[in-house]
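I opened this notebook to record what I looked up in one structure, working through its sheets and its surface.

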Amino acid sequence: MTGSLVARLVFRRPSLGSRFCPRREVSLPAAERTKDVVAPPKELPAFDYSPSAYSGPTGDEILAKRREYLSPSILHSYKTPLNVVEGKRQYLFDDKGRRYVDGFGGIATVCCGHCHPDVVAAIVEQTKRLQHSTVLYLNNAVADFAQALASKLPGNLKVAFFTNSGTEANELAILMARLYTGSHDIISLRNSYHGNGGGTMGATAQSIWKYNLVQSGVHHAVNPDPYRGLFGSDAEKYVRDVQEIINFGTSGSVAAFISEAIQGVGGIVEMAPGYLPAAYDIVRKAGGLCIADEVQCGVARTGSHFWGFEAHGVVPDIVTVAKGIGNGIPLGAVVTTPEIAKALTRRSYFNTFGGNPVCTAAGLAVLRVIEKEKLQENAFEVGSYLKERLTALKDKYELIGDVRGQGMLLGVELVTDRQLKTPAPNETLYVMEQMKELGVLIGKGGYYGNVFRITPPLCFTKEDADFLVDAMDYSFSRM
């Protein structure tokens with residue numbers, strides 16, 4: 001594996017040691033080097049909580065076990081991996097009791113906050129009564145959650161099939177679309193990520209996430225990326241490619257079009273305005289279904305809407321959900337119409353843990369917490385404030401090429417040349433390391449590994465946002 005490939009990954013391989021670690025001597029434009037050093041951020045926001053004393057193994061001991069007993073494909077962040085032992089709301093604690101502002105949320109997964117008491121209580125109470133049986137028997141947990149989830153979706157999207165992850169959900173959605181339409185061809189977008197299973201790896205369109213295996217029947221349309229895309233924000237030109245794929249790459253009929261409203265792993269990439277309604281229209285005229293992958297951008301994360309697709313004024317035929325819906329519990333779902341759902345009855349389809357009572361009890365608690373604590377509204381208010389502050393940094397540092405996203409799904413892309421948009425993966429790693437030392441954790445994504453992924457729990461406050469941006473500002477100033 002080459003250094004250029006590793007630099008693009010979201011995490012880093014434990015076995016690579018310091019070879020690809022960020023270095024202080026990164027090359028920057030002259031204007032960047034003359035910036036005045038700003039003051040370091042003040043103390044972390046006040047938080048009335050003390051973690052329990054930790055007496056477990058050290059980080060080095062855990063890392064040694066990982067290297068010996070876990071797959072070498074499992075990656076870790078940072079030169080010195082963080083040993084996280086406790087979490088509370090929007091904060092994480094390491095083995096030494098140090099608190100960190102969690103700006104990554106377990107990869108856009110923790111929405112209510114770490115160990116939210118209502119979610120924990122629902123899990124514990126259900127576990128005490130019934131940890132697992134099978135959906136072959138009746139249990140109210142799965143039915144109650146299915147009803148609550150359906151109530152959050154528009155139109156006739158009301159029938160759910162539960163899974164354990166987003167990959168599973170997308171695999172099932174693609175299968176259902178092919179069964180229902182009788183067609184095989186799937187259209188997804190370049191730069192997308194929909195999972196790493198047999199079907200979803202085909203729909204995923206980044207080489208760094210694809211193994212050299214047969215992945216048939218998937219076509220990747222030009223990505224309607226306003227920042228790096230071929231046509232800027234011109235949706236009409238992008239959507240023309242969808243029609244040409246159908247005309248020249250298929251029989252004229254397709255099974256489905258699958259997309260995220262905002263690409264997560266791809267680097268928090270928003271769509272050109274007007275693209276999604278036009279693409280949906282073209283696909284439906286070709287007999288295809290429209291699948292909304294809401295694994296990262298759904299469940300109130302974008303703030304303005306509960307689902308990412310709603311901001312585009314469309315109603316999909318199938319919606320896939322995971323990550324935030326379980327707040328860290330392995331839970332995913334495919335929600336569709338009663339008519340499309342019948343496609344699975346042609347044979348037997350079963351998932352042993354899909355609809356597990358503990359997981360679905362957690363999912364119901366998550367929906368209730370979001371409503372009770374107005375987390376969608378908070379995601380919009382605080383997320384907008386955070387984006388404004390990040391945009392102000394863009395005006396200050398030439399290294400920041402773009403700030404984008406909505407709510408608590410934000411991206412900051414680093415480039416060494418704004419005109420050429422030359423990716424800056426080494427600088428990205430450097431700033432991440434510095435921010436970690438200051439007590440802030442953020443993620444990294446994009447094909448070139450040069451985009452900060454900022455996806456905190458939805459209970460994030462303006463004080464947290466200030467601390468995060470101040471830490472980023474200070475880290476840039478020291479380069």
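I take helices (H or I, at least four residues) and strands (E, at least two) as DSSP runs, numbered from the N terminus. The model I consulted is a predicted one.

Is L136 buried or exposed? I noted a relative accessibility of 67% for L136, and because exposed means over 50%, L136 counts as exposed. I then looked up its surroundings and found L136 in a nonpolar surface patch with V135, Y137 and F350. Together these four residues have about 470 Å² of accessible area.

Entry 2, the seven-stranded sheet. I traced an open sheet of 7 strands and wrote down the order β4-β12-β11-β10-β7-β5-β6, with mixed pairing. Its edge strands are β4 (159–163) and β6 (218–221), each of which pairs on one side only. On average, neighbouring strands of this sheet are turned by 20° against each other, direction ignored.

What are the partners of A256 in the neighbouring strands? On the β5 side, I recorded A256 as the bridge partner of I186; β5 and β7 run parallel and are joined by 2 bridges. In β10, the residue opposite A256 is L289, and β7 pairs with β10 in the parallel sense over 4 bridges.

I next checked the side-chain directions in β7. A256 and I258 point one way, F257 and S259 point the other way, and all are buried. In a regular strand, side chains alternate between the two faces of the sheet.

I followed β10 (residues 289–293) to β11 (residues 318–321) and found parallel pairing over 3 bridges. One of the residues I looked up here was D293, whose bridge partner in β11 is T320.

Which strands does α10 lie across? I listed β5 (186–189), β6, β7 (256–259) and β10 for this helix, which spans residues 275–285. Relative to β7, helix α10 runs at about 160°.

I noted L92 opposite Y100 in β3.

Note on methods. Residues numbered from 1 in each chain as written. Predicted model: local features only at pLDDT ≥ 70, side-chain atom pairs only at ≥ 80, totals over all residues. Heavy atoms only, no water. Pairing = 2+ DSSP bridges. Axes fitted to C-alpha atoms, helices over the stretch in contact; angles between N-to-C directions. Contact = heavy atoms within 4.5 Å. Patch = residues over 30% accessible without salt bridge, like charges linked within 9 Å, V, L, I, M, F, W, Y side chains within 5 Å. Areas by Shrake-Rupley, 256 points an atom, 1.4 Å probe, with all protein chains shown as cover. Salt bridge = Lys/Arg side-chain N within 4 Å of Asp/Glu carboxyl O. Buried < 20%, exposed > 50% of the residue type's maximum accessible area, 1.4 Å probe, protein only.
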